[in-house]
Amino acid sequence: MADTPAAVSRFLRTTGQHATIEPDQFTEGGFVLSIGGAEQSHVNLADPTDIFYEYLRRIGHVVDLAAPWGEPVTALHLGAGALTLARYVQATRPGSEQYAVELERELLDFVLDRLPLPDGTRLHTLIGDARDALAELPPGLRFDVVILDIFSGPEAPAHLACTEFYREAAAKLTPRGVLIVNVGDEPGLTLVRSQAAALRRAMADVSAFAEAGMFSGRYPGNIILTGTQGPWPEAWTAALTARGPHPAKVLAGVGLDELSD
């Protein structure tokens, strides 16, 4: 990437904003994607397992538990960003079959052009709305991991932030598959509470994973909700808490009642 300019930008027609990719001056091989002047994603081309944002690292740790270590999986990313997690899955589970859905065609083209995926990555891309894309997937295709990373604050799209959508996503899972939802929220955690309740109606069991202080409801931030098709494995609570980032906390079972409406 020696010929990559200090910063490059592209106009996104769907949102009318500019996307910018620039080197991370603190991480060799690192790049930052910003949209409308706000940092959106970080990738490390030299080491795709190095995930800068804490909430993405937590999602990566859940993916680690979804199948035996190193075993290829089928993964669906609803919300592509800079494809940080797709790179992580390829690095930790080579040979995985992955699909990514992104609303902004220009953004996806921009990322793939400026931040190429690792050799051997098997990624299929779809442009459009996340819910519509589920119906466009090949019949019979099922996923070990479905990751939804679209919600940020109270403006979450109503047609995605609902039980019906989660049920449609759950129908695309393999028997061992998990549905992982990143919810960015404000103090009070109104969106987190509504999505925990909605996901509970769609999945057999649900957990919430975040920095321990997030559950006080006093701070803005991200909470990772994970839906499973059987009882939440207690061993996963211990594993996620140990892996962090620290301090980490997992709520499951009756412990999750405080987050459900």
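This report describes the pockets, cores and selected residues of a predicted model.

## Basis of the description

The model is predicted, and local features need pLDDT of at least 70, side-chain atom pairs count only at pLDDT 80 or more, and totals for chains, interfaces and linings use all residues. Residues are numbered from 1 along each chain as its sequence is written, and side-chain values use heavy atoms, with hydrogens and water left out.

## The largest pocket

The largest pocket has a volume of about 1,000 Å³. A pocket is here an open set of points on a 1 Å grid over the protein atoms alone, with protein on both sides within 12 Å along at least five of seven lines, whereas a cavity is a set of points where a 1.4 Å probe fits but cannot get out; lining residues have an atom within 4 Å of a point. Grid points are joined across faces, edges and corners, and a volume is the space filled by probe spheres set on the points.

The lining of this pocket consists of 44 residues, and Ile35, Gln40, Asp149, Ile150 and Phe151 are the ones nearest its centre. Among the elements that each supply at least two lining residues are strand S4 (38-44), helix H1 (54-65), strand S8 (143-152) and strand S11 (221-228), where helices (H or I, at least four residues) and strands (E, at least two) are DSSP runs numbered from the N terminus. S8 provides the largest share, 5 residues. By class the lining holds 21 nonpolar, 16 polar and 7 charged residues, with Ala, Val, Leu, Ile, Met, Phe, Trp, Tyr, Cys and Pro counted as nonpolar, Asp, Glu, Lys and Arg as charged, and the others, Gly among them, as polar.

## The cavity and His42

A search of the whole structure finds 1 cavity of 30 Å³ or more, and about 30 Å³ of space lies in the largest cavity. Its lining is formed by His42, Val43, Asn44, Pro48, Asp50, Thr84 and Arg87; S4 and H2 are the elements that give two or more residues to this lining, and S4 gives the most, with 3 residues. These lining residues divide into 2 nonpolar, 3 polar and 2 charged.

His42 lies in strand S4 and is buried, with a relative accessible area of 3%; buried means under 20% relative accessible area, exposed over 50%, and partly exposed in between (1.4 Å probe, protein chains only). Its side chain is joined to that of Asp24 by a polar contact of 2.9 Å, a polar contact being a pair of N or O atoms within 3.5 Å, of which, within protein, one must be able to donate a hydrogen and the other to accept it, while residues adjacent in sequence count only if both atoms are side-chain atoms. Not counting residues up to four places away in sequence, His42 touches residues including Asp24, Phe31, Phe52 and Thr84, contact meaning heavy atoms within 4.5 Å.

A nonpolar core is a set of buried Ala, Val, Leu, Ile, Met, Phe, Trp, Tyr and Cys residues joined through side-chain atoms within 4.5 Å. In the largest such core, which has 44 residues, Leu76, Phe151, Tyr166, Leu179, Val181, Ile223 and Leu259 touch the most other members. Helix H6 (residues 190-202) contributes the largest share of this core, 6 residues. A second, separate core of 28 residues includes Ile59, Val62, Leu65 and Val89.

In helix H3 (residues 105-114), the residues Glu106, Leu107, Leu108, Phe110 and Val111 are buried. The buried residues of H3 pack against strand S1 (8-12), strand S2 (17-23), strand S3 (30-35), H2, S6 and strand S7 (122-127).

## Gln229 and backbone features

Gln229 lies in the loop between S11 and helix H7 (234-243) and counts as partly exposed because its relative accessibility is 38%. The side chain of Gln229 reaches the backbone oxygen of Thr174 at 2.6 Å, and a polar atom of that side chain lies 3.2 Å from the backbone oxygen of Gly177.

The peptide bond from Gly244 to Pro245 is cis, with omega near 0°, and a cis peptide bond also joins His246 and Pro247, with omega about -5°. Pro245 has its place in the loop between H7 and strand S12 (248-252), and Pro247 is found in the loop between H7 and S12. Leu83, in the loop between S5 and H2, has a positive phi near 60° and counts as buried at 1% relative accessibility. Leu189, in the loop between S9 and H6, has a positive phi near 55° and counts as buried at 0% relative accessibility.
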